[in-house]
Amino acid sequence: MTEADIEAVSAVRVHGWQTAYRGLMPQAYLDAMSVAEDAERRRSWFGRRSPEVSDLVAERDGAVVGWVCVGPARDPDIAPGAEELPAPRPTAGELLALYVAPALIGTGVGRALMAAGTARARAHGFHTLYLWVVRGNTRAERFYERAGFTPDGAEEAHDVGGSSVPELRYRRSLAPTAG
């Protein structure tokens with residue numbers, strides 16, 4: 001992903017949220033999401049992100065149709081806290097985002113992004129990859145389970161538009177398989 005991709009990535013993300021989270025988050029919140037505002041936040045963050053964070057895009061006919069982001073795990077129960085720094089390189093990574101243009105879900109774009117993101121996580125030295133899924137997003141749960149992720153029992157809820165939205169944490173080993 002380059003800075004020139006930010007607007008397109010934000011469009012994929014916002015439309016992805018509006019499609020995937022319909023009925024799982026307040027509709028007024030989803031309707032109020034703005035590609036321009038998301039792109040502004042993403043531009044601010046893009047230049048300051050850690051070198052261990054990788055943003056990758058999928059393109060079709062020159063247009064961005066998907067985005068994956070991986071980086072060090074953020075959860076304190078699996079990642080070293082600031083008080084432990086300087087710590088060795090983190091061994092736990094997190095799939096921070098994976099979105100595909102809604103019209104292309106089920107066409108292999110998500111699987112290609114998952115493979116690229118997993119390869120990048122391994123290249124960063126991560127041995128385990130975590131992610132969070134909104135409870136009830138059965139399409140995402142099935143996708144991640146087919147990719148080898150399993151729930152690890154952690155749950156967290158976030159306030160979204162005045163409603164509590166629960167998320168489940170999944171994990172997957174990135175250890176090389178024998179064979």
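Buried means under 20% relative accessible area, exposed means over 50%, and partly exposed lies in between (1.4 Å probe, protein chains only). The model shown is predicted: local features need pLDDT of at least 70, side-chain atom pairs count only at pLDDT 80 or more, and totals for chains, interfaces and linings use all residues. Residues are numbered from 1 along each chain as its sequence is written, and side-chain values use heavy atoms, with hydrogens and water left out.

**View 1. Aromatic pair W17 and Y29.** A search of the whole structure gives five aromatic pairs; rings of Phe, Tyr and Trp (its six-membered ring) pair if their centres lie within 6.5 Å, and planes under 30 degrees apart count as stacked, over 60 as edge-to-face and the rest as tilted. W17 and Y29 make a tilted pair, with 6.4 Å centre to centre and 45° between the planes. W17 belongs to helix α1 (residues 6-20) and Y29 to helix α2 (residues 27-32), so the pair ties together parts that are twelve residues apart in sequence. Helices (H or I, at least four residues) and strands (E, at least two) are DSSP runs, numbered from the N terminus. Y29 is partly exposed, with a relative accessible area of 34%, whereas W17 counts as buried at 13% relative accessibility. W17, Y21 and Y29 form one aromatic cluster.

**View 2. Aromatic pair W67 and Y99.** The rings of W67 and Y99 are stacked, 6.1 Å centre to centre and with 15° between the planes. This pair links distant parts of the chain, as W67 is in strand β2 and Y99 in strand β3, 32 residues apart. Both W67 and Y99 are buried.

**View 3. Strand β2 and its partners.** Nine of the ten residues in β2 (residues 63-72) are buried, and the strand is mostly covered. Two strands pair if DSSP finds at least two bridges between them. Strand β1 (residues 54-60) pairs with β2 in the antiparallel sense over seven bridges; S54 has V70 in β2 as its bridge partner. The hairpin of β1 and β2 has two residues between the strands, and D61 in the turn has a positive phi of about 55°. Strand β3 (residues 92-100) runs antiparallel to β2, joined by seven bridges. The bridge partner of G71 in β3 is E94.

**View 4. R49 over F46.** R49 lies over the face of F46, 3.9 Å from the ring centre. A charge sits over a ring if NZ of Lys or CZ of Arg is within 6 Å of the ring centre and within 35 degrees of the ring normal.
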